[in-house]
Amino acid sequence: MTLDRRTFLGTTAAAATVLAAPNVLAQGAGKPRVVVIGGGAGGATAARYIAKDSDGAIDVTLVEPTRTYFTCFFSNLYLGGFKEISDIGHTYGTIAASGVNVIHDWAVDVDRDAKTVTLAGGATLPYDKLILSPGIDFVDGAVEGWDISAQNAMPHAYKAGSQSELLRAQLEAMPEGGTFAMVAPPNPYRCPPGPYERISMVAHFMKENNPTAKIIVADPKPKFSKMSLFQEGWNKHYPGMVDWIGEEFGGGNVSVDTANMTVTIDGEETSVDVCNVIPAQKAGRIADMAGVTDGNWAPVNAADMSTKADADVYVLGDAAAQGDMPKSGFAANSQAKVCANAVRGALTGSKVFPAKFSNTCWSLIATDDGVKVGATYEATEEKIAKVDGFISETGEDSALRKATYEESEGWYTGITTDMFG
Ligand SMILES: Cc1cc2nc3c(=O)[nH]c(=O)nc-3n(C[C@H](O)[C@H](O)[C@H](O)COP(=O)(O)OP(=O)(O)OC[C@H]3O[C@@H](n4cnc5c(N)ncnc54)[C@H](O)[C@@H]3O)c2cc1C
């Protein structure tokens, strides 16, 4: 962290606060303290595992503003009508009952010299180890004509909850034969197959409710995750409905007009009824504030997820620049377990196992038509490196596709139990 005026003032103020101590939350005397910022796939898992495995030897505080976390995973299935919004909402009561101090507030600053986190409510949390898993924020100005104040007119639905409900309501209100547009993000971004699973689920919804509707995807990329599987599925289940405009045809040259509900792709303006803008992404802002990012993401050491900038600050999940893993909930959960083991070892001397990571991303294309891609990874000096992988094949029979979907249902139950207890 460079010591500029802001940092100096922040450091001095935080040190004074610690000395004066009235609003420092007193953690158990003498025990090492871990603060986790962000109660999603990475943070909730890390908090739970450190508390559980240290059996009370470490004080763990989880800072998360929302009282109900809606998983982005399966939020597309909610758009498609396969899930209710309540199916993807999870609360923090069981984590709290298991010994984690859950604080529903925003972390608004990190002082790495004083080793404190400041909350929007005014409290200051001291830490010995700090874990950041804040997910994503959007890159300002990434899509011409769109900013966060326009998210009601053109939702991103890339943080689940009210945005997912809004997009679903907009789908339901689309006029007969209307047009749905998606502005897809550039790499790297949260959940590589996510936009294309969403297109599948929107198409499924339209086939059932508005079969003459059209879907346009403006994409800055020349190809995307599981591309041949999705395109095979769109041709099979939704023929003629989806028009994907990739980089070659100007899919990255896009602007939107939220007032007039138009999308201009490579100079051609189209009136649309619903427009799902998924902008370019970066690490959640608190990682910037902590001074552990380099560009849009936070570089980390693969062996334990500690940041390159500070050995006592760890970054998990989407916010991390870690190497070969995709930005997925499965990946964040896997990284959290490696990090929890390392943090516990550093604070209590317990055995630290070599880091191993895995990921699978399932996508639903149509009823009982699930596909998957996955890999295992190991920690090298340089990065989390892919060891081997697998992917569904085109032309698979319907029994295998149904089994793949059922596997994803089992995974969802497993990971949410792993996160929330
Ligand atoms: C449409 C869609 C579909 C997806 N499908 C899948 C899938 O099928 N499988 C899969 O594995 N992944 C999927 N993902 C990706 C997955 O949701 C993310 O990769 C995962 O949630 C990342 O975990 P995280 O811990 O990094 O961030 P998150 O899970 O987003 O958690 C971040 C948390 O930090 C909190 N936070 C942020 N800033 C602060 C702050 N300053 N103070 C306190 N708290 C803060 C937020 O409120 C949030 O709860 C999907 C994503 C999308 C958008």
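How many Å separate a polar side-chain atom of S133 from an oxygen atom of the ligand? The distance is 2.8 Å. The model is predicted: local features need pLDDT of at least 70, side-chain atom pairs count only at pLDDT 80 or more, and totals for chains, interfaces and linings use all residues. Residues are numbered from 1 along each chain as its sequence is written, and side-chain values use heavy atoms, leaving out hydrogens and water.

View 1. A polar backbone atom of K327 is 3.4 Å from a ligand oxygen atom. The protein buries 93% of the 1,000 Å² that the ligand exposes when taken alone (Shrake-Rupley method, 1.4 Å probe).

View 2. The ligand is surrounded by 35 residues, and E64, Y69, S133, R190 and D318 are the closest. Helix α9 gives the most to this shell, with three residues. Helices are DSSP runs of H or I with at least four residues, and strands are runs of E with at least two.

**View 3. The second largest pocket.** A pocket is an open set of points on a 1 Å grid over the protein atoms alone, where a 1.4 Å probe fits, with protein on both sides within 12 Å along at least five of seven lines; lining residues have an atom within 4 Å of a point. This pocket has 27 lining residues, with P192, S225, D324, M325 and P326 nearest its centre. Strand β23 gives the most to the lining, with four residues.

Definitions and conventions
Near = heavy atom within 4 Å. Polar contact = N/O pair within 3.5 Å; in protein donor to acceptor, adjacent residues only side chain to side chain.
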